[in-house]
Amino acid sequence: ENESFQYDSAVRYRDGSVRLRNPNIELMDQDILYHLALGSGSHDLVEMFGDVKFVCMGGTPKRMEQFANYIMKEIGHKIPAGTTLLDISQYSYRYSMYKVGPVLSISHGMGIPSVGILLHEVIKLMYHAKVKDPVFFRIGTCGGIGIEGGTVVISEEAVDGMLNSYLELPVLGQLVRRPAKLDRQLARDLKALAHRDDPYDTVIGKTMCTYDFYEGQARLDGAFCEFSENEKMDYLTKIHKAGVVNIEMESLSFAALTHHAGIQSAVVCVTLLDRLKGDQVLAPKEVLDEWQIRPQQLIARYITRYLQRR
Ligand code: R2B
Ligand code: URA
């Protein structure tokens with residue numbers, strides 16, 4: 001039953017700190033985390049980040065700033081009166097990062113390459129900062145399959161557009177495969193935090209991760225489309241039958257790289273539409289804004305409960 005998460009003993013130190021599967025890093029006299037505008041030589045990363053426990057990522061800088069302010073309220077974290085949270089990575093002009101006590105809130109941009117670059121640097125940041133047993137969350141948006149817009153989906157596993165559950169990356173002219181596994185127990189624990197009286201459903205299922213929003217997600221409304229509506233529906237029906245309940249663009253890399261680093265992780269996304277009913281995101285902005293808070297609420301419940309138990 002409990003196939004949940006087999007940590008590779010080679011991945012983490014016994015005390016839970018993140019071990020890098022790269023012997024080169026400790027031999028370097030400094031490590032520049034270029035896309036975060038941080039460095040092990042220029043910043044005291046242990047002092048700045050040593051107390052981090054939760055790393056939350058989502059696509060846009062605004063949403064992750066919003067999440068930082070929301071989680072600050074939820075966990076009762078105080079900052080000096082009249083001040084606002086600082087975007088730690090502001091001068092990277094790539095990603096935004098906010099820190100609220102034990103919580104990091106970081107934007108990852110769109111797609112596998114963007115989130116992959118970020119994960120390399122954030123995993124190294126955890127290592128340099130000597131963080132123990134961090135938990136990573138992706139809080140995002142997605143298209144649903146056969147479920148109403150506004151539904152919260154917790155991913156049990158990530159698959160690519162061919163339904164393969166691994167990330168494949170060309171390295172030195174060879175395709176390297178990394179299993180895109182997520183922590184099943186963490187997914188169940190999150191699901192258990194859904195309230196009976198939430199005005200929306202929270203479900204667990206397989207997440208398809210694609211390299212494109214339009215053709216890659218079987219949309220008829222891109223600049224190009226070389227398949228028929230019937231072919232689109234056949235494909236969506238086929239992947240639905242295979243257990244896919246939502247489609248987005250980062251989970252494969254997120255699952256594969258956190259798993260490879262021995263880091264517990266979960267992906268929680270809200271559906272913006274039902275792809276069996278259409279392709280365009282039609283819901284009004286106010287509705288979309290309300291929906292996007294839903295995954296944040298679930299993660300906030302998890303974090304506040306964790307902190308109360310201590
Ligand atoms: C969900 O939304 C974005 C595309 O609109 C992409 O980052 C994703 O995974
Ligand atoms: N994000 C996606 O990747 N696909 C959708 O359909 C909606 C949001």
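Begin with helices H2 and H7, whose crossing is right-handed, meaning that the near helix is turned clockwise from the far one by less than a right angle. This is a predicted model, in which local features need pLDDT of at least 70 and side-chain atom pairs count only at pLDDT 80 or more, while totals for chains, interfaces and linings use all residues. Residues are numbered from 1 along each chain as its sequence is written, and side-chain values use heavy atoms, with hydrogens and water left out.

Select residues 61–75 for H2 and 285–308 for H7: the two pack at an angle of about 35°, with their axes 10 Å apart (axes are lines fitted to C-alpha atoms over the stretch in contact, and angles run from 0 to 180 degrees between N-to-C directions). Among the residues that meet here are Phe67, Tyr70 and Ile71 in H2 and Ile299, Ala300 and Ile303 in H7, where contact means heavy atoms within 4.5 Å.

Next, select H5, residues 229–241, which reaches 18 Å from its first C-alpha to its last, close to the 18 Å expected at 1.5 Å a residue (1.5 Å times one less than its number of residues). Its buried residues are Lys232, Leu236 and Ile239, buried being under 20% relative accessible area and exposed over 50%, with a 1.4 Å probe and protein chains only. They lie on the same side of H5 because they cover an arc of only 65° around the axis, taken from the directions from the helix axis to the C-beta atoms.

Turning to the face of H5 away from its buried side, select the exposed residues Asn230, Asp234, Lys238 and Lys241. Finish at Gly243, which follows H5 and has a positive phi, near 100°.

Conventions:
Chains are lettered from A and ligands numbered from 1 in the order in which they are written. Helices (H or I, at least four residues) and strands (E, at least two) are DSSP runs, numbered from the N terminus.
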